[in-house]
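Subject: Structure for you to look at

Hello,

Here is the structure I promised to pass on. Please open it beside this note and follow along.

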Protein chains: 2
Amino acid sequence: MNAVAGGDATGGGGQASGVWGTAGPGNPAAGPVMKYFAPTARIRRTPFTEGVEAAGVSVYTSYNHMLLPAAFAGLVEDYRHLKRAVQIWDVACERQVEVAGPDAARLMQMLTPRDLSRATPGRCLYVPVTDERGRMLNDPVALKLAEDRWWISIADSDLLYWVKGVAFGLGLEVEVSEPDVSPLAVQGPRADALMARVFGEEVTQLRFFRYGWFEFEGHPLVIARSGYSKQGGFEIYVTPGDIGMDLWRALMEAGDDLEVRAGGPNLIERIEGGLLSYGADMTLANTPHECGLGQYCDGAHLPGVIGGAAILAEAERGPARQIRAIEIACSALPPLEAPWPLMDGGQRVGQVTSAAFSPDHGVGVAIGMVERTHWAPGTELVVETHGPALPATVRASFWS
Amino acid sequence: MNAVAGGDATGGGGQASGVWGTAGPGNPAAGPVMKYFAPTARIRRTPFTEGVEAAGVSVYTSYNHMLLPAAFAGLVEDYRHLKRAVQIWDVACERQVEVAGPDAARLMQMLTPRDLSRATPGRCLYVPVTDERGRMLNDPVALKLAEDRWWISIADSDLLYWVKGVAFGLGLEVEVSEPDVSPLAVQGPRADALMARVFGEEVTQLRFFRYGWFEFEGHPLVIARSGYSKQGGFEIYVTPGDIGMDLWRALMEAGDDLEVRAGGPNLIERIEGGLLSYGADMTLANTPHECGLGQYCDGAHLPGVIGGAAILAEAERGPARQIRAIEIACSALPPLEAPWPLMDGGQRVGQVTSAAFSPDHGVGVAIGMVERTHWAPGTELVVETHGPALPATVRASFWS
């Protein structure tokens, strides 16, 4: 079994070598042996898993205790298709934390340094959520459904537990729960064309990070112009889950001539776009300013926010390190399974936390956390991959 | 790639068919196509991953945002070896929540319905942790290191977020953190022999669920007689992480003639033993009484426990459903990826949440949640696997 998997992952050639990373025949940057993903009820199937498996998912990851498809035909082939056509993504793992009740708005503003006074129904807001020390607990998207009812669409940590704990401890009058809501994303340049066929032309009028209510099989659904790619598209907050496969099939059928395919967040494309991954690019060790999220940390309300004092103090002195785009000179990269040190001579000055070889840019694209002394654009460093050490340059911005 | 994986998982024959489940040549219960596990920094490597991979891990799962090995030579071969010899398990994913400070003991007793007045340094305590509605947030093991310093060794949910949130909301004087502590388990009938060689005879004097302090390379380590199997053994709370591989190698070298191997929690063996898995066998939807944990819910302190009132109320009226051992009549089972309904005629009366074919018992062994009307030992039901429907019987107890 191992031998079989090893042959696939490290470049035995043929179709198999392309499923993950850039490993290919004779490629010295070939990665570690790929492992199988254990079947278990503990990592939940989604309302769309049936469609995902019928579409031939080949690589999974787990995210918020749910299955998240990571590759179908292969990381590179999926990437090219995403940039050219349109894909349906099972992102049910973006679970919602619903905060409802008389104290909902008050609690929401305590949870994030972002000023929510401009939040109105119809807007999506990217909101850092910090602990009492001003450290990142999650970087979700908040949707105000009504003054007393909000959804927090979460990244990969049990934010439900934090919000419930705080609400309990403070004795707030709110219900905090995980509702039966499973996002399905439609991403790619042909997303507007496909969505119009299923939900009507009106859906294409949505502006970026705005949402509206649209109907499917008699159920009102939140649809937002958003998603974890830079190719444009929508996220449909599907509820209840048992209409999931009907919607999946409706989109697949309507998009046949648009070359619609099943897909998922694509490692290469999201790095090119500078889309951060909580748990990889930032953790509970980091502050919003370190994550380049200072723009979401202003306002007179900050002293009342959990962790607000620490965030204000850091804003004054400036962060000691910050997330940067990193370009790696290479013709292939092994898969990154743990942070790769960024070195200046013998000195460790940061780390790369997401990396992949970009076919479109012909370089390694990466996200890293770099010390203030070395974060200026153009700074030349060395990245110690688990394979070869490679030249790396700090960039001023991401690729798209 | 898919075709290759499919051939392995659904019984192409040879060594490959044995890696997961009981699928074999000509077996109609063959399971779904196995998928690969995506490499990512978001699901962390442990201090022992280097050893795990050198030992030929073939199947991974993720647990508390970390890699957890699920199979090496294969589920059945690993199972037979575990019952016969001794294995080293990378269970670093059993992360610790450290609660330290003047209010630590007070907070700990608020977190669990279990009476902690008998907790003393040297004891491990299995403690249900419930939310304000008395619903299960996690089922960890608590270690009192001192009156003002505790570890909570957690199952698969971010209990850190709950404990931090409650402590913040209540304004308690405690520090709640995840320390650099990574459990390594030594499990199997030869565990005492192996541990004595590395830590001295004294370690074998530990009684079940007691811990002591032992030294490795000058570092004092907590070692408990505990672990997620019924074959006997120990858990070593390894800190700091950078001594992890030295300890791994020391155990492997000392156990060569004992046939020591790398292993991990084994699906078949843990079901036979009735060891529950949070997120599968119980979730936030369940109460301690439903999980058969009523024995940990007594004492005059209950009204002061978070969720205590709900727990008391349920103790009075009795739970509506409860976890039971379920025997399935079959000669093979497909892998369980989502709960399987338990039916009485056309009526759904429960669900199976963990299941595997047991070579030693010659039946399907399973854990299920069954309605009160149907939970009596001997009740005959039908379990709807994703493959065939099979006869299932409620048992009075687990197999070992």
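By what turn and what shift along the axis can chain B be laid on chain A? The turn is 180° and the shift is 0.0 Å, with an RMSD of 0.0 Å. Copies are superposed by least squares on the C-alpha atoms of residues with pLDDT of at least 70 in both. The two copies are thus related as by a two-fold rotation axis. They use the same surface: 100% of the contact residues of chain B recur in chain A. Contact means heavy atoms within 4.5 Å.

Some ground rules. This is a predicted model, where local features need pLDDT of at least 70, side-chain atom pairs count only at pLDDT 80 or more, and totals for chains, interfaces and linings use all residues. Residues are numbered from 1 along each chain as its sequence is written, chains are lettered from A and ligands numbered from 1 in the order in which they are written, and side-chain values use heavy atoms, with hydrogens and water left out.

The sheet in chain B

Five strands of chain B make an open, antiparallel sheet, ordered β6-β9-β10-β5-β11. Strands (E, at least two residues) and helices (H or I, at least four) are DSSP runs, numbered from the N terminus. Two strands pair if DSSP finds at least two bridges between them. At the edges of this sheet stand β6 (124-126) and β11 (175-177) of chain B; each has a single partner strand, so one side of each is left without a neighbour in the sheet. Neighbouring strands are turned by 20° against each other on average, direction ignored.

Look next at β5 (residues 96-100) and β10 (residues 149-153) of chain B. They run antiparallel and are joined by five bridges. A100(B) has R149(B) as its bridge partner in β10(B). Helix α4 (residues 104-111) of chain B packs on the sheet and touches β5, β9 (141-146) and β10 of chain B. Its direction makes about 30° with that of β10(B). Angles run from 0 to 180 degrees between N-to-C directions, and axes are lines fitted to C-alpha atoms, for helices over the stretch in contact.

Helix α5 (residues 159-170) of chain B lies across β5, β10 and β11 of chain B, at about 165° to β11(B).

Two helix pairs in chain B

The axes of α4(B) and α5(B) come within 11 Å and cross at roughly 120°. These helices are therefore oblique to each other. (Under 35 degrees counts as roughly parallel, over 145 as roughly antiparallel, 65 to 115 as roughly perpendicular and the rest as oblique.) L107(B), M110(B) and L111(B) of α4(B) make the contact with W162(B), V163(B), V166(B), A167(B) and L170(B) of α5(B). By class, that is eight nonpolar, no polar and no charged residues. Ala, Val, Leu, Ile, Met, Phe, Trp, Tyr, Cys and Pro count as nonpolar, Asp, Glu, Lys and Arg as charged, and the others, Gly among them, as polar.

The axes of α6 (residues 191-199) and α7 (residues 244-254) of chain B come within 9 Å and cross at roughly 120°. In α6(B), L194(B), M195(B), R197(B), V198(B) and F199(B) meet L247(B), A250(B), L251(B) and A254(B) of α7(B). This contact has eight nonpolar, no polar and one charged residues.

The sheet in chain A

Six strands of chain A form an open sheet of mixed pairing, in the order β13-β14-β15-β12-β4-β16. The twist averages 30° from one strand to the next.

Best wishes
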